[in-house]
Amino acid sequence: MSVVAKFKCTRISHNESYTEVVLGPVYSSDPTSENYSWSIATPWGEIKMNITNPDAYNQFELGKSYIINFTKEQ
């Protein structure tokens, strides 16, 4: 079993030796919005990553949303 969540990039901070990328769950109180159903099903919280690989942190854009699949390792 897995958990699928939709998170939006809320902060990108470049530091000397790494880039910090922060993601928060999408939210909408408008029942006609696509994000409304994600708001009901998506866990609350924050994902914070410190990334040293430019090829990896350049994949994230501020304000863009990402689908995340949490699957237990076998």
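Student: What applies to the model before any feature is read?
Tutor: The model is predicted, local features need pLDDT of at least 70, side-chain atom pairs count only at pLDDT 80 or more, and totals for chains, interfaces and linings use all residues. Residues are numbered from 1 along each chain as its sequence is written, and side-chain values use heavy atoms, with hydrogens and water left out.

Student: Which pattern does the protein follow along the sequence?
Tutor: Helices (H or I, at least four residues) and strands (E, at least two) are DSSP runs, numbered from the N terminus. Here there are 2 helices and 4 strands, in the pattern β-β-α-β-α-β.

Student: Which residues make up the largest nonpolar core?
Tutor: In soluble globular proteins, nonpolar side chains tend to be buried together. A nonpolar core is a set of buried Ala, Val, Leu, Ile, Met, Phe, Trp, Tyr and Cys residues joined through side-chain atoms within 4.5 Å; buried means under 20% relative accessible area, exposed over 50%, partly exposed in between (1.4 Å probe, protein chains only). In this structure the largest such core has 11 residues, among them Phe7, Leu23, Ile51 and Tyr57. Strands β1 (2-14), β2 (19-25), β3 (47-51) and β4 (65-71) each give two or more residues, and β1 has the largest share, 3 residues.

Student: Is Thr19 buried or exposed?
Tutor: Thr19, in strand β2, is buried, with a relative accessible area of 2%. Its side chain makes a polar contact of 2.9 Å with that of His14 (a pair of N or O atoms within 3.5 Å; within protein, one must be able to donate a hydrogen and the other to accept it, and residues adjacent in sequence count only if both atoms are side-chain atoms).
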